[in-house]
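Please keep the sequence and the model in view while reading.

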Amino acid sequence: MGKYKKMPIGKRLLAYPLSVVFYLMYAILLCVFHPLQWMALKVGGYTAHKKIVDILNCCLTASLYILGTRVKFINTYKFDNSVPNIIVSNHQSTHEISPLGWFFRDLHPKFVAKQELGKGIPSVSFNLKHGGSALIDRKDARQALSAIGAFAKYLEKNKRAGVIFPEGTRSRDGQPKRFSENGVKILTKFAPSATVIPVTINNSWKLWEYGQFPMNIGVKMTIETHQPIKVADQSFNELFAEVEEKVKSKII
């Protein structure tokens, strides 16, 4: 993976205290919203829980402002929430998850995530386990494909959006890795009425450019959408090639 770059000393003087404040606020939000999620789900079911998760994603996204980070959503398309959607994106940082959840909130986004995230993390683990997302074992291909298949059927039935990162792991330097076909193929197979939304994320990786502490400051992150594609309009190979080309074409 290589070593992180060394942060300039002048930037460190500001990055250290801001990172402390950011992580403290981040932890407080996760701990406060964990019981709120539990209560909302028990009392109001899915709808109430979804509203709490939306507020949490908004707050976590806003907390990046502590670091001087700006997150810009670039979109000129109108999405159809009467059909399932499959959001296919490159992956640079865990800190792009909340913005994705917030910006696509009208589509009810759920994530394909590694199973390790399903326990031990306040708010995050609860939402992944009870909010409709898929938890996969990356060391067990059979389990992973089975979980994604069940996830796709859930999306098809409930007209939700599934977010998948075909790279598998995040890019440390922003340069895209090879896209794996398997997960996207299973999603399109079991959610045949879905629309695929290609998404390009830029500069999320820079938040951890110098390591997880202190975090980088003044980062300008962008999340940009591309023309949605109906699964039924072309073969999977054609669709996958087009999606990968669109996502990678705007990575800078």
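## Terms and basis of the model

On a 1 Å grid over the protein atoms alone, a pocket is an open set of points with protein on both sides within 12 Å along at least five of seven lines, whereas a cavity is a set of points where a 1.4 Å probe fits but cannot get out; lining residues have an atom within 4 Å of a point. Grid points are joined across faces, edges and corners, and a volume is the space filled by probe spheres set on the points.

The model is predicted: local features need pLDDT of at least 70, side-chain atom pairs count only at pLDDT 80 or more, and totals for chains, interfaces and linings use all residues. Residues are numbered from 1 along each chain as its sequence is written, and side-chain values use heavy atoms, with hydrogens and water left out.

## Pocket and cavity

The second largest pocket has a volume of about 160 Å³. Its lining consists of 14 residues, and those nearest its centre are Asp80, Val83, Asn85, Thr195 and Lys230. Eight of the lining residues are nonpolar, three polar and three charged. In this classification Ala, Val, Leu, Ile, Met, Phe, Trp, Tyr, Cys and Pro count as nonpolar, Asp, Glu, Lys and Arg as charged, and the others, Gly among them, as polar.

The structure also holds one cavity of 30 Å³ or more. The largest cavity has a volume of about 40 Å³, and its lining is formed by Tyr26, Leu60, Thr61, Leu64, Thr94, His95, Ser98 and Pro99. Two elements, α1 (9–63) and α2 (97–103), each give two or more residues to this lining; the largest share, three residues, comes from α1. Helices (H or I, at least four residues) and strands (E, at least two) are DSSP runs, numbered from the N terminus. The lining of the largest cavity has four nonpolar, four polar and no charged residues.

Strand β7 (residues 220–225) is largely enclosed by the rest of the structure, because five of its six residues are buried. Buried means under 20% relative accessible area, exposed over 50%, and partly exposed in between (1.4 Å probe, protein chains only).

Two strands pair if DSSP finds at least two bridges between them. Strand β1 (residues 70–74) runs parallel to β7 and is joined to it by five bridges; here Ile74 stands opposite Glu224. Strand β6 (residues 195–202) runs antiparallel to β7, with four bridges, and Ile201 has Ile223 as its bridge partner.

## Nonpolar cores

A nonpolar core is a set of buried Ala, Val, Leu, Ile, Met, Phe, Trp, Tyr and Cys residues joined through side-chain atoms within 4.5 Å. The largest has 34 residues, and Leu100, Phe104 and Val199 have the most contacts inside it. The elements that give two or more residues to this core are α1, β5 (161–164), β6 and β7, and α1 gives the most, with ten residues.

Contact means heavy atoms within 4.5 Å. Setting aside neighbours within four places in sequence, Phe104 is in contact with Phe73, Phe79, Ile87, Pro109, Ile197, Val199 and Thr225. A second, separate core of 26 residues includes Ile136, Ala144, Ile148 and Ala194.

## The loop between β6 and β7

Gly211 is found in the loop between β6 and β7, and counts as buried at 4% relative accessibility. Phe213 lies in the loop between β6 and β7, but is partly exposed, with a relative accessible area of 44%. Not counting residues up to four places away in sequence, Phe213 touches Tyr16, Ser19, Val20 and Tyr23. Phe213 and Tyr16 are 197 residues apart along the chain, while their C-alpha atoms are separated by 7.5 Å.
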